[in-house]
2 protein chains.
Amino acid sequence: MSGLRARQKADRHRRIIEAAAELFREAGYEGAKIEAIAAQAEVSIGTIYNYYENKGDILGAIVSLEVNEVLNAGRGVVARPPANVGDALDTLIGIYIEHSLHYLSKEMWRQAMAISTQLPDSPFGQAYTELDHSLTEQIRALIGRLQEIGLVRQDIDGAALGELIFNNMNMMFIEFVKRDEARIPELRAAIRRQNRILVAAIGV
Amino acid sequence: MSGLRARQKADRHRRIIEAAAELFREAGYEGAKIEAIAAQAEVSIGTIYNYYENKGDILGAIVSLEVNEVLNAGRGVVARPPANVGDALDTLIGIYIEHSLHYLSKEMWRQAMAISTQLPDSPFGQAYTELDHSLTEQIRALIGRLQEIGLVRQDIDGAALGELIFNNMNMMFIEFVKRDEARIPELRAAIRRQNRILVAAIGV
DNA sequence: CACAAAAACAGAATTGACTCAATTTTAGAA
DNA sequence: TTCTAAAATTGAGTCAATTCTGTTTTTGTG
């Protein structure tokens, strides 16, 4: 039953992820060889491929942990949003962006994003698309809250607006991780400037 | 002077691109082995790497041709835009999207996009970012035209709006190429729906 | 406890992108 | 025309992800 085998399995999963996270951090994604991850996790190469389809999926598991934390952090803002549309959006987006580099370097983000478009049907590719949808949905939920409170016009198409805001932010974030010298404050300012157009359009 | 050497060089470039394009089409990006491209182009493997930094750059050269065509096609719309904001945007975006799958399969797009985020400093990575900027700029130019004509309010931040529209479209296009079963009409309809919010906000 | 089937593991072998040192070709000076 | 330096080509070799096949471990049954 839920005996030795299951426990060993969970343990090996954990060891692989921890080893990979450490090596990715130290040596970068490309620099972290599967052989080294296997040695560090004290399993064989074959076992790693028994647990993950490919190297990208290992990174994917780590990225998913991070994005789920971000989603969690966002819940608070949706529940009690700042009392004006611009600040509400800026606060939620701020949480996303500020959290994003806690555990993951820009290089890791670049790899993760690349893999998710390159192999959209791999486990991680699908998970990443899911996560994007969850983020979009959270922005839409914030808009819904603002409509309830009466800060956003009732006749606004919330779903389309949520997509618009998420897609723009996400694309800006992609450009941000592509340039190592890009800084968070400038990114946030640029997104605020773009959203200003929307804020003007949707406020009551 | 512009003698034999230059001619041979141009000729080899062309042969490599033609061979690669054919093999990418037939076998997909991963399926097209460098060795096969070299054989088809009648050069050695080493020569290919003398002309292109890596496999991705070969695909990059092909993608760049395509995007430049798209940019060219867009010029006409900017010069003589349809006489209402929604249609003008839809026409320009329509050109981008309809052209996009002429020479490149979705798989090739996925690879190209992945490479451009994975290796933003490679020749193609930089070229791709450039091309994105040119597209953004073209959208901004269309908005500028519409402001001249008096269809868009003068006080709109054209640069920010151009980015917003391009980023949203681009992200939608990325999701589109990630799903083989996604269809162009639905993509265009979804983008129209998102842009409707903006159109309502910026029209005079 | 003993055993057979199923699950998981191990690591050698394969594969394919990319490198590099040796060779060939071209340009242009004498 | 001959020769030399620079430029370009070549393909065998390297490196690392992934695959594959034989071995070991676990489970559940008698």
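Which residues of α8(A) meet which residues of α8(B)? In this predicted model, A:L164, A:N167, A:N168, A:N170, A:M171 and A:M172 on one side meet B:L164, B:N167, B:N168, B:N170, B:M171 and B:M172 on the other. Sorted by class, this contact of α8(A) with α8(B) holds six nonpolar and six polar residues, and no charged ones.

**The fold of one chain**

The secondary structure of chain A consists of nine helices and zero strands, so that the pattern read along the sequence is α-α-α-α-α-α-α-α-α. Along its principal axes, the C-alpha trace of chain A spans about 60 × 45 × 25 Å.

Chain A is divided into two domains, with domain 1 covering residues 1-51 and domain 2 covering residues 55-202. The C-alpha centres of these two domains of chain A lie 29 Å apart, and the contact between them takes eight residues from domain 1 and eight residues from domain 2. On the domain 1 side of that contact, α1(A) gives the most, with seven residues. The residues on this side of domain 1 of chain A divide into seven nonpolar, one polar and no charged.

**How the two chains are related**

Two copies of a chain are related by a rotation about an axis and a shift along it. Here, a rotation of 180° with 0.0 Å of shift along its axis superposes chain A on chain B, with an RMSD of 0.1 Å, which is the relation of a two-fold axis. The same surface serves both copies, since 96% of the contact residues of chain A recur in chain B. Of the residues of chain A, A:A114 comes closest to the rotation axis, with its C-alpha at 2.0 Å.

**The interface between the chains**

In the contact between the chains, 26 residues of chain A touch 25 residues of chain B. Three helices of chain A, namely α6 (106-118), α8 (158-178) and α9 (184-202), each supply at least two residues of the side of chain A that touches chain B. Among these, α8(A) gives the most, with eleven residues. By class, the side of chain A that touches chain B has 13 nonpolar, eight polar and five charged residues.

Two packed helices are described by the angle between their axes and the distance between the axes.

| Helix pair | Angle between axes | Distance between axes |
|---|---|---|
| α8(A) and α8(B) | about 90° | 8 Å |
| α9(A) and α8(B) | roughly 90° | within 9 Å |

From its angle, the pair α8(A) and α8(B) is therefore roughly perpendicular, and α9(A) and α8(B) are likewise roughly perpendicular to each other. In the contact of α9(A) with α8(B), A:R193, A:Q194 and A:I197 meet B:A160, B:L161, B:E163 and B:L164. By class, this contact of α9(A) with α8(B) has four nonpolar, one polar and two charged residues, whereas the contact of α8(A) with α8(B) has no charged residues.

**The surface near the DNA**

DNA strand C is surrounded by 22 residues, of which the closest are A:S44, A:G46, B:R5, B:N54 and B:K55. The elements that give two or more residues to the surface near DNA strand C are, from chain A, α1 (4-31) and α3 (45-51), and, from chain B, α1 (4-31), α2 (34-41) and α3 (45-51). Sorted by class, the surface near DNA strand C has seven nonpolar, eight polar and seven charged residues.

Conventions. Residues are numbered from 1 along each chain as its sequence is written. Chains are lettered from A and ligands numbered from 1 in the order in which they are written. This is a predicted model: local features need pLDDT of at least 70, side-chain atom pairs count only at pLDDT 80 or more; totals for chains, interfaces and linings use all residues. Copies are superposed by least squares on the C-alpha atoms of residues with pLDDT of at least 70 in both. Two residues are in contact if their C-beta atoms, placed from the backbone, lie within 7 Å. Helices (H or I, at least four residues) and strands (E, at least two) are DSSP runs, numbered from the N terminus. Ala, Val, Leu, Ile, Met, Phe, Trp, Tyr, Cys and Pro count as nonpolar, Asp, Glu, Lys and Arg as charged, and the others, Gly among them, as polar. A residue is near a molecule or strand if its C-beta atom, placed from the backbone, lies within 6 Å of it. Axes are lines fitted to C-alpha atoms, for helices over the stretch in contact, and angles run from 0 to 180 degrees between N-to-C directions. Angles under 35 degrees count as roughly parallel, over 145 as roughly antiparallel, 65 to 115 as roughly perpendicular and the rest as oblique. Domain bounds come from an automatic or database domain assignment.
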